[in-house]
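Please read the following report alongside the sequence and the three-dimensional structure shown here.

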Amino acid sequence: MALTLHDNRCSTNGAKVRFLLAELGLAYEAVHVGLGPLTPAWYAELHPYATVPALRDGDLLLFESNTMLRYLAVREGRDDLYPAAARERALVDQAMDALSLSVRPALWGLEEVTIYAAVPPHLGGDDGRYAVRSVVAPRAAALAGALDAFEAFLAPLPPLTIADCAIAGRMATVPRLPLDLDRWPNLARRLRAAWARPSWAAGMAAAPADPGDGAPA
Ligand SMILES: N[C@@H](CCC(=O)N[C@@H](CS)C(=O)NCC(=O)O)C(=O)O
């Protein structure tokens, strides 16, 4: 099997790539990598930033999830998912770049105080588990502003592209955030369509088991 995906089942960037691999019907080996302090030394030597995912295809090793999406679509000749024509391709790239550069920082700002981390006392954390309203509200507003602008980037795209893999994967946390998705009709339509695809479910089911959870290694 030529393809190997180093991944973690909690990784939204890994989810982007798993979604596309399933959409393309490609077989691959899924290798679990612990995150943060659980990252093994061998992986820190393999990956310059020691983040997941990493994709190996023979002697080619890729470290950026958006690059993996572009590479796999071109490798498989899927112009429908990543157009060959310069203008159409630029619109897909632009949506992916806006997601990474404008939406993602604001998304993380809200995720970190609601889903992932305790709120430090100096930011108004209460019991150390859930963010207080005064911390969450401005971050939700910042994300809402980023998504207001992002709507325009989604409008010209064809129904399914690799930008949808990026959006569906990186924004997989949205249902757990204090956010009314219906405020952004283009985004809501694309996310719901992507998450309804059999390839999305297949991609999530293909995530590597975490041995730390007692699942088979
Ligand atoms: N720009 C990278 C970001 C990768 C990234 O931040 N991955 C997260 C998981 S979604 C990670 O490995 N976090 C652990 C860490 O930063 O130590 C990509 O798109 O692939």
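## Packing and ligand surroundings

Once its neighbours within four places in sequence are set aside, Ala 168 is in contact with Phe 19, Leu 191, Ala 194, Trp 195 and Trp 200. The model behind this description is a predicted one.

Ala 168 is also listed, together with Leu 20, Leu 69, Ile 162 and Ala 166, among the residues with the most contacts inside the largest nonpolar core, which has 45 residues. The elements that contribute two or more residues to this core are α1, β3, α3, α4, α5, α6 and α7, and α4 gives the most, with eight residues. At least three residues of the core come from each of domain 1 (3–78 + 201–213) and domain 2 (86–197).

The elements of the core have these bounds:

| Element | Residues |
|---|---|
| β3 | 54–57 |
| α4 | 86–116 |
| α5 | 133–154 |
| α6 | 162–170 |
| α7 | 185–195 |

Turning to the ligand, the residues around it are Ser 11, Thr 12, Asn 13, Leu 35, Gly 36, Thr 51, Val 52, Pro 53, Glu 64, Ser 65 and Asn 66. Two or more residues of this shell are supplied by each of α1 (12–24) and α3 (65–75). By residue class, the shell divides into three nonpolar, seven polar and one charged.

For the chain as a whole, the secondary structure amounts to eight helices and four strands, arranged along the sequence in the pattern β-α-β-α-β-β-α-α-α-α-α-α. Of its 217 residues, 33% count as buried, and among contacts between residues at least 6 apart in sequence, 70% join residues at least 24 apart.

Notes
Residues numbered from 1 in each chain as written. Predicted model: local features only at pLDDT ≥ 70, side-chain atom pairs only at ≥ 80, totals over all residues. Near = placed C-beta within 6 Å. Nonpolar A, V, L, I, M, F, W, Y, C, P; charged D, E, K, R; others polar. Core = buried A, V, L, I, M, F, W, Y, C linked by C-beta atoms within 7 Å. Buried ≥ 20, exposed ≤ 12 C-beta atoms within 10 Å, placed from the backbone. Domains from an automatic or database assignment. Contact = placed C-beta atoms within 7 Å.
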